[in-house]
Amino acid sequence: MQPSTIDPRELVQTQQRLWGLLPEKFDGVQLSPVTPLGTSSAIATINQHQVVSTIRGTEVASDPTNELAIEAAVRRRAGQDRVHLAACQRVVRAQPFDGPGMSAHFELFVLVSSARDTGSCRTEAELLIDHLSFWHAVLGDKAELTFTAFTESAVRDRIEDTVRPALGVAFTEDAERTKSASYYAGTGLGIDRAGEGLGDGGFTTWTADLLGDAKERCLTSCISTERLTVIGA
C-alpha cells in the first residue's frame, strides 16, 4: 500500500514516449483495475495466492498480458483476422517482495498479439518481428534482445531465415535461461538493456485455450515502465 518511489512526472514522460513509438497496428486498451476471479491462475500459471482476490468474484489486476489475451480472444472470435493490442497498467502482486527496486505494485507496458497459424511457424516469425521491432525502437542500439528455445520447433529456423534479417539487429540465443520455462509455450524472449531486467515475453497457449483452437498463436511481451524511467532509456 506504500506509494511508488518513482516521480510520476517522469513516469508520464516514459508512457508518452512508449505510446508515441507504438505502431498503428497495435490498438491501445485501457484495462480495468479488476478482472474476473481466476484470470491469472486459469489463463496463465500464477498461483491464486499471489493475487489479491476480492469478495465479489474478481481479482485485482496482476498481469495485463492475461487480460489482453482475453480481449484478443474475444476479437478473434468476432472475426478479426489478426489482433495486436497494447496496454499500460499498474498491477499488484500479493507475494512478499524484498529485493532492491522491487515493489508489490508496479507498472507494465505490454503487447499481446494473436493470429492463426499459417504453417512452418511463419505466423510466429511475423509476430516476433512486430514485437521486437518495437522494443528495439524503445531501447535503441543498446537493446539486448534474446530468445530461449524451451522446446525445439521450426521457430528457430524462422528466427534464422526471417526474424534476424528483418530486424537487422542482434537477436541472440540465451541457452542458459530456465526462468519461465513452464510459463511460456516453446520460446521465451528477453528484453533488456545493460542487465537492468526490464522485461520479457514469449509465446503462450492462452488464446488457443480460450478459443479451443490449437491453431491460434499468441505472443506476449512487456517491460517495467518504472525501471525504464530510472535508467533513462
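Predicted model: local features only at pLDDT ≥ 70, side-chain atom pairs only at ≥ 80, totals over all residues.

Modeller: Residues are numbered from 1 along each chain as its sequence is written, and side-chain values use heavy atoms, with hydrogens and water left out.

Colleague: What makes up the secondary structure of the protein?
Modeller: There are seven helices and 10 strands.

Colleague: How do you know that the radius of gyration agrees with a compact globule?
Modeller: The rule for a globule is 2.2 Å times the number of residues to the power 0.38, and the radius is taken over C-alpha atoms. For 233 residues a compact globule would come near 17 Å, and the protein has 17 Å, so the two agree. Along the principal axes, the C-alpha atoms fill a box of roughly 50 × 40 × 35 Å.

Colleague: Why is H131 called buried?
Modeller: Buried means under 20% relative accessible area, exposed over 50%, and partly exposed in between, with a 1.4 Å probe and protein chains only. H131 has a relative accessible area of 0%, so it is buried. The residue lies in helix α4 and touches F26, L111, V112, S113, L219, T220 and S221, leaving aside residues up to four places away in sequence. A contact here means heavy atoms within 4.5 Å.

Colleague: Why does E124 count as buried?
Modeller: Its relative accessibility is 7%, and therefore E124 counts as buried. E124 also lies in helix α4, residues 122-139. Leaving aside residues up to four places away in sequence, E124 touches D117, V155, F203 and R217.

Colleague: And what makes T225 buried?
Modeller: The relative accessible area of T225 is 0%, so T225 is buried. T225 sits in helix α7, residues 225-231. Beyond residues up to four places away in sequence, its contacts include L11, C88 and F109.

Colleague: Why is A214 called exposed?
Modeller: A214 has 68% relative accessibility, so A214 counts as exposed. Its place is the loop between α6 (206-211) and β10 (216-224). A214 and R116 are 98 residues apart in sequence, with their C-alpha atoms 9.1 Å apart in space.

Colleague: What share of the 233 residues counts as buried?
Modeller: For the protein, 48% of the 233 residues count as buried. As for contacts with a separation of 6 or more, residues 24 or more positions apart account for 70% of them.

Colleague: How many aromatic pairs does a search of the whole structure find?
Modeller: The search finds six. Rings of Phe, Tyr and Trp (its six-membered ring) pair if their centres lie within 6.5 Å; planes under 30 degrees apart count as stacked, over 60 as edge-to-face and the rest as tilted.

Colleague: Why is the pair of Y183 and Y184 called edge-to-face?
Modeller: Their ring centres are 5.0 Å apart and their planes are at 90°, so the pair is edge-to-face. Y183 and Y184 are both buried. Elsewhere, W19, F109, F134 and W135 form one aromatic cluster.

Key. Helix = DSSP H or I, 4+ residues; strand = E, 2+ residues; numbered from the N terminus.
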